[in-house]
Amino acid sequence: MNRPEREAAVRRIMEQVPAPVPPELYAEIVRRGGRTLRRRAAARRLLWLLLAAACVAFAVWALTARPWVEPPSQTTPPLTGW
Amino acid sequence: MRERRASQAARRAREFEAFVAGAAGRLLHAATLLTAEAPGDNPRARRLLTLSLAHTYACWDRLRGEDPYDRARQHLATRFARAAWHQYGGLGRARPHPTSPLAALTPQERLIVVLRLYEGVAEEQAAALLGLPADRVHTICDRATATLLHPPQGRAATSAMGVAPS
């Protein structure tokens, strides 16, 4: 028996018993898949909200703390009168 | 905007229902072969199929012309491969049902035989999907074919016990 014949024989063994598809399968699939989709949407919305909140917090902090302004010198006195 | 979204959802539901109606029978048969259950009583195969088709449903909009059947089959195979070692491994776990045609094989052999011969996936693709070398897939497929066609006496009980060391 060569390889194609053996493979065909195994295929015949596997083909013989078709299982009936239960009718409630589709509803269950849609329920689970829809739940996954809703979870993904909720996670995406949450991440966008977090990103927006982080942007707002950074902007507020930057406007109040003004980190780009050079701080007044603490060690040397200001150079005046020469 | 709202109407367009509603009509899109309806179209998507129609397409997915048509896909399930066409593919579920064959995939359920493949899943039943994988879990080696009796055709009439296959809760694990149904669960496997439900989870993989739900995954397909969730990424239906992002398929971009890819074959949904292929995607569902890939998910089915990888889920079975991941779950097989603890669901079908040890003693006292799920035994293959004796009326299943693949009851004499180990879970890995069943997976490879179903992918290669029943679903007709190419050797390289099956190997890439399972993370095995193609030679190994070839060898396992040959061995499983031999076991199926010439069932060894007395060894059948022990060969069904555990996953072959890979």
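Guide: Two residues are in contact if their C-beta atoms, placed from the backbone, lie within 7 Å. The model is a predicted one.

Visitor: Which residues does B:Val113 touch by that rule?

Guide: Leaving out residues up to four places away in sequence, B:Val113 touches A:Val10, B:Leu102, B:Leu105, B:Cys141 and B:Ala144. Each of these pairs therefore has C-beta atoms within 7 Å.

Visitor: What makes the largest nonpolar core a core, and how many residues has it?

Guide: A nonpolar core is a set of buried residues of nonpolar kinds joined through C-beta atoms within 7 Å. The largest one has 41 residues, and B:Val113 is among those with the most contacts inside it, together with B:Ala31, B:Leu49 and B:Ile112. Elements giving two or more residues to this core include H1 of chain A and H6 of chain B. H1(B) gives the most, with 8 residues.

Visitor: Why is one face of H6(B) said to be lined by buried residues?

Guide: Buried means 20 or more other C-beta atoms within 10 Å of the residue's own. In H6(B), B:Val137, B:Ile140, B:Cys141, B:Ala144, B:Thr145, B:Thr147 and B:Leu148 are buried. Seen down the helix axis, they fall within an arc of 160°, so they line one face.

Visitor: What is the make-up of the side of chain B that touches chain A?

Guide: The contact takes 23 residues from chain B and 22 residues from chain A. Those of chain B divide into 15 nonpolar, 6 polar and 2 charged.

Conventions. Residues numbered from 1 in each chain as written. Chains lettered and ligands numbered in written order. Predicted model: local features only at pLDDT ≥ 70, side-chain atom pairs only at ≥ 80, totals over all residues. Buried ≥ 20, exposed ≤ 12 C-beta atoms within 10 Å, placed from the backbone. Helix = DSSP H or I, 4+ residues; strand = E, 2+ residues; numbered from the N terminus. Arc of directions from axis to C-beta. Nonpolar A, V, L, I, M, F, W, Y, C, P; charged D, E, K, R; others polar.
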